[in-house]
Amino acid sequence: MLATGEVRRHHGRVLFGRERQRLHPEMRDHLLQVTPWRTFVVDPNGLTGIEIDPSSIDVQRLLGRVYAAEHKTDEAVNAYRRAIALDPRDAWSMNNLGLLFLEQDHAEEALPLLCRAVQLRSDEAAFHNNLGMALEHTGRFLAAAEEYRGALTADPGYGKAQQNL
C-alpha cells in the first residue's frame, strides 16, 4: 500500500503520495511502527503516508508528544530518550520526559531531567515550574518555591507558577 505511492524526499522525510506539511489530528491514531527505526504515519484510508526520519530530533520529540497524548507511555519515553540521545542539549525533550515521569508519579526520575532542562534554558518559565512541581512531590518545598519564583522571574505573568507558589 505505502510502497506503491510516489516517493520523494522532503525536509529529511520520505513522503508517499501527495505531500502533507502537517499531521492532521485524526492521523494520530495511525502511527505504524514498521521496524524499531522506521515509523510511518498514514491517513485513515492507508493511501497516503509519511515515513518519519528517525535522525530528526524534532520528529522524535513530536512522536513523544503524540504517544504521550495517546497514553502510550513506554513509546513516549523511548521517543524522548531517542531525541535526547540525538542531542544531549535538547531541553524541551528533557522537560517533556521529566513531565511525563512526574505525571506517572515518578518524581525522583523526573528531577535530573528537569534540573538539566532548567540549566540549559533558565529563561523558560515552564521548565522552572515543572521542576518546582517535581521538587514539591518529593517533599522539597523550599526548593520548589524557589523554582516557582524562578518561573515568575522568567515570565512575571506565568499563571501556573503563581498558582503553585
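## Basis of the model

Residues are numbered from 1 along each chain as its sequence is written, and side-chain values use heavy atoms, with hydrogens and water left out. The model is predicted: local features need pLDDT of at least 70, side-chain atom pairs count only at pLDDT 80 or more, and totals for chains, interfaces and linings use all residues.

## Overall make-up

The protein has 7 helices and 5 strands. Helices (H or I, at least four residues) and strands (E, at least two) are DSSP runs, numbered from the N terminus. Read from the N terminus on, the order of elements is β-β-β-β-β-α-α-α-α-α-α-α.

Of the 165 residues, 45% count as buried. Buried means under 20% relative accessible area, exposed means over 50%, and partly exposed lies in between (1.4 Å probe, protein chains only). Among contacts between residues at least 6 apart in sequence, 40% join residues at least 24 apart. A contact means heavy atoms within 4.5 Å.

## Helix 1 and its partners

Two packed helices are described by the angle between their axes and the distance between the axes. Axes are lines fitted to C-alpha atoms, for helices over the stretch in contact, and angles run from 0 to 180 degrees between N-to-C directions. Helix 1 and helix 2 pack at about 160°, and their axes are 8 Å apart. Helix 1 is therefore roughly antiparallel to helix 2. Angles under 35 degrees count as roughly parallel, over 145 as roughly antiparallel, 65 to 115 as roughly perpendicular and the rest as oblique. The crossing of these two helices is left-handed, a term for a near helix turned anticlockwise from the far one by less than a right angle (right-handed if clockwise). The residues of helix 1 that meet helix 2 include I57, L63, Y67 and A68; on the helix 2 side, A76, A79, Y80 and L86 are among those involved.

Helix 1 also meets helix 3. Their axes come within 10 Å and cross at roughly 20°, so helix 1 is roughly parallel to helix 3. This crossing, too, is left-handed. R61, R65 and A68 in helix 1 meet W92, S93, N96 and L100 in helix 3.

A68 belongs to helix 1, which covers residues 57–69. At 25% relative accessibility, A68 is partly exposed. Leaving aside neighbours within four places in sequence, A68 is in contact with A76 and L100. The C-alpha atoms of A68 and N96 are 9.5 Å apart, although 28 residues separate the two along the chain.

## Helix 3

Helix 3 has 13 residues and reaches 18 Å from its first C-alpha to its last, close to the 18 Å expected at 1.5 Å a residue. The expected span is 1.5 Å times one less than the number of residues. Helix 3 is mostly covered, with 10 of its 13 residues buried. Among the buried ones are A91, M94, N95, L97 and F101. The cover for these buried residues includes helix 1, helix 2, helix 4 and helix 5 (125–137).

N95 lies in helix 3, which runs over residues 91–103. Its relative accessible area is 3%, so N95 is buried. The side chains of N95 and N130 are joined by a polar contact of 2.9 Å. A polar contact is a pair of N or O atoms within 3.5 Å; within protein, one must be able to donate a hydrogen and the other to accept it, and residues adjacent in sequence count only if both atoms are side-chain atoms. Not counting residues up to four places away in sequence, N95 touches L114, A117, A126, F127 and N130.

## L113 in helix 4

L113 is part of helix 4. With a relative accessible area of 17%, L113 is buried. Beyond residues up to four places away in sequence, L113 touches I84, M94, L97, G98 and F101. L113 and L131 are 18 residues apart in sequence and 8.8 Å apart in space, C-alpha to C-alpha.

## Two loop residues with positive phi

Most residues other than glycine have a negative phi. H71 is not a glycine, yet has a positive phi of about 60°. H71 sits in the loop between helix 1 and helix 2 (73–86) and is exposed at 70% relative accessibility.

D105 also has a positive phi, near 65°, in a residue other than glycine. With a relative accessible area of 66%, D105 is exposed.
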